[in-house]
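Visitor: Please show me the model, and then take me through it one topic at a time.

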Amino acid sequence: MSCFYNANDTQGLQGVINTAQSITWERRKITGQTMSRSGRTRISSIASAVPWNFTVKPRPRMKYSQTRELLESLDTLDLSIPTTINIGANNTNLSYITEYQGVWTPAQLDQITFTSPSGLNFTLDVSGVPNKTFGDVVFRKGDFIQPGAPITGSYRYPYTVTDTVTWSSGGTITVPVNRPFIPDAQGNPTGRSLTFGSDVTWSVVMVSKPSYRISGYDILDFTDDFRFVEVIV
Amino acid sequence: MSTAITAVTGTVSINHCVAITLDLGPGNVFYISDAYKPITVNGNVHTELGALLNISSSQENLRAATSDIQITLSGIPGDEDYITPMLNRPIKGGLVTISRVFFDPETMLELPNQVYQRFSGVITNFAISEDSDYGQGKLTRQAQVSCSSTLSVLENKISGQRTNSADREKFFPSDVSFDRVKELQNTEFDFGREYTGGNGYGGSGRNIDYTDIEDLRRRFPF
């Protein structure tokens with residue numbers, strides 16, 4: 001991989017992701033804790049949507065002449081325009097981060113449809129999945145899952161699976177996920193296919209945008225990390 | 001103001017949200033929440049999830065407390081625009097109710113009948129802050145509603161009758177006994193002085209002027 005930004009990479013925040021030196025994310029719940037003098041702990045949290053927060057350290061010492069399109073697209077987005085990102089679909093070198101861990105093939109996964117949500121559980125219809133066998137590990141803990149088609153889909157929020165799910169029998173499976181199902185103004189995803197692994201997308205907006213510094217001949221650095229947060233509407 | 005909360009026994013973790021009913025007048029009743037999804041509280045669906053920025057702490061005491069709170073709302077119109085009704089309508093006196101709704105932390109679904117009112121009061125003031133930092137390229141748009149508890153409003157209520165004809169006639173329309181209060185106010189009386197007629201007031205209507213020799217002779221004959 002070149003030490004300079006590849007002008008063929010996708011622009012905007014996706015370009016920053018694709019060439020990042022490091023990607024940090026957190027999904028913190030809004031929580032309070034107390035510990036009594038007798039050592040008992042009590043926990044209280046707010047039933048929020050738990051948005052994703054990303055901190056991306058951009059690659060240093062990029063070639064300015066190859067980065068002008070990226071800079072322009074970042075300035076266009078600024079802190080005001082949400083955009084969509086993925087980790088691994090556009091830059092396959094990153095796909096290991098979000099890679100699907102189950103045993104079903106893409107052709108089998110394509111036949112799964114979303115049935116209904118119930119809090120922290122999704123019910124998925126797998127009756128149309130061909131060649132499935134008893135004990136198949138459909139999802140492993142940490143798998144990424146998103147109702148609807150990628151990027152242009154009608155549902156915008158990704159989830160992660162919180163426990164290993166196997167298929168034994170029947171036409172449905174119950175998948176526990178990391179956060180409660182967030183209703184989408186675009187409609188209920190019931191009956192639609194899902195997106196898995198590195199194909200999931202996040203709708204994000206920048207909350208902290210670094211400045212650009214050109215130093216030396218044709219060398220560009222960002223002065224700080226990029227921070228963006230998932231947009232939940 | 002608040003009600004007892006069912007004991008959460010056998011668990012160390014609770015999950016909750018706040019549901020606010022903001023009544024800014026007819027046709028302007030807003031149902032706001034900080035939950036992850038719309039929730040139904042007392043038959044009203046709290047759909048506005050993108051407006052609530054902060055609620056100040058509220059005091060609860062064994063004694064009836066007259067606590068005030070501030071609710072900070074987003075000044076960026078989303079599903080609702082709060083600034084327009086605040087500016088265009090007399091929202092002072094609007095009703096505010098804050099409830100807490102509990103969820104099952106395992107399923108993140110609302111627990112049935114676990115809605116507890118935490119605050120009831122009226123709007124006493126509002127503030128709209130718009131801060132622009134052109135150098136940093138940052139804007140702040142907030143609308144803040146100040147609310148006093150119902151008890152605080154009752155304490156501020158003027159009770160009884162003031163000593164003027166207007167208040168008197170409000171309760172006793174034919175009673176004219178307070179009609180001259182306005183004229184009698186600040187009038188000085190020479191109590192004990194012999195009445196000599198004159199201006200019709202209960203006294204001379206003026207301070208005793210001992211430099212008036214005729215008056216002195218009349219008062220102290222020798």
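Guide: First a term: on a 1 Å grid over the protein atoms alone, a cavity is a set of points where a 1.4 Å probe fits but cannot get out, and its lining residues have an atom within 4 Å of a point. This is a predicted model, where local features need pLDDT of at least 70, side-chain atom pairs count only at pLDDT 80 or more, and totals for chains, interfaces and linings use all residues. Residues are numbered from 1 along each chain as written, chains are lettered from A and ligands numbered from 1 in the order written, and side-chain values use heavy atoms, leaving out hydrogens and water.

Visitor: How much space lies in the largest cavity?
Guide: Grid points are joined across faces, edges and corners, and a volume is the space filled by probe spheres set on the points. A search of the whole structure for cavities of 30 Å³ or more finds 1. The space in the largest cavity is about 40 Å³.

Visitor: Which residues of chain B line the largest cavity?
Guide: From chain A, the lining includes Lys29(A), Ser45(A), Ile46(A) and Pro180(A). By class, the lining has 5 nonpolar, 3 polar and 1 charged residues (nonpolar: Ala, Val, Leu, Ile, Met, Phe, Trp, Tyr, Cys and Pro; charged: Asp, Glu, Lys and Arg; polar: the others, Gly among them).

Visitor: Which residue in strand 18 of chain A is the bridge partner of Thr55(A)?
Guide: Strands are DSSP runs of E, at least two residues long, and helices are runs of H or I, at least four, both numbered from the N terminus; two strands pair if DSSP finds at least two bridges between them. In chain A, 5 strands form an open antiparallel sheet in the order 1-4-18-15-6. Strand 4 (residues 53–57) and strand 18 (residues 226–230) of chain A pair over 4 bridges. Within strand 18, the partner of Thr55(A) is Arg227(A).

Visitor: Is Ser146(B) buried or exposed?
Guide: Ser146(B) lies in strand 9 (residues 138–149) of chain B. Beyond its neighbours within four places in sequence, Ser146(B) has contacts (heavy atoms within 4.5 Å) that include Ile69(B), Val122(B) and Thr124(B). Its relative accessible area is 17%. Buried means under 20%, exposed over 50% and partly exposed in between, with a 1.4 Å probe and protein chains only, so Ser146(B) is buried.

Visitor: What share of chain B counts as buried?
Guide: Chain B has 5 helices and 9 strands. Of its 222 residues, the buried share is 30%.

How values were computed. 1 Å grid on protein atoms, 1.4 Å probe; cavity = no way out; pocket = protein on both sides within 12 Å on 5 of 7 lines; lining within 4 Å.
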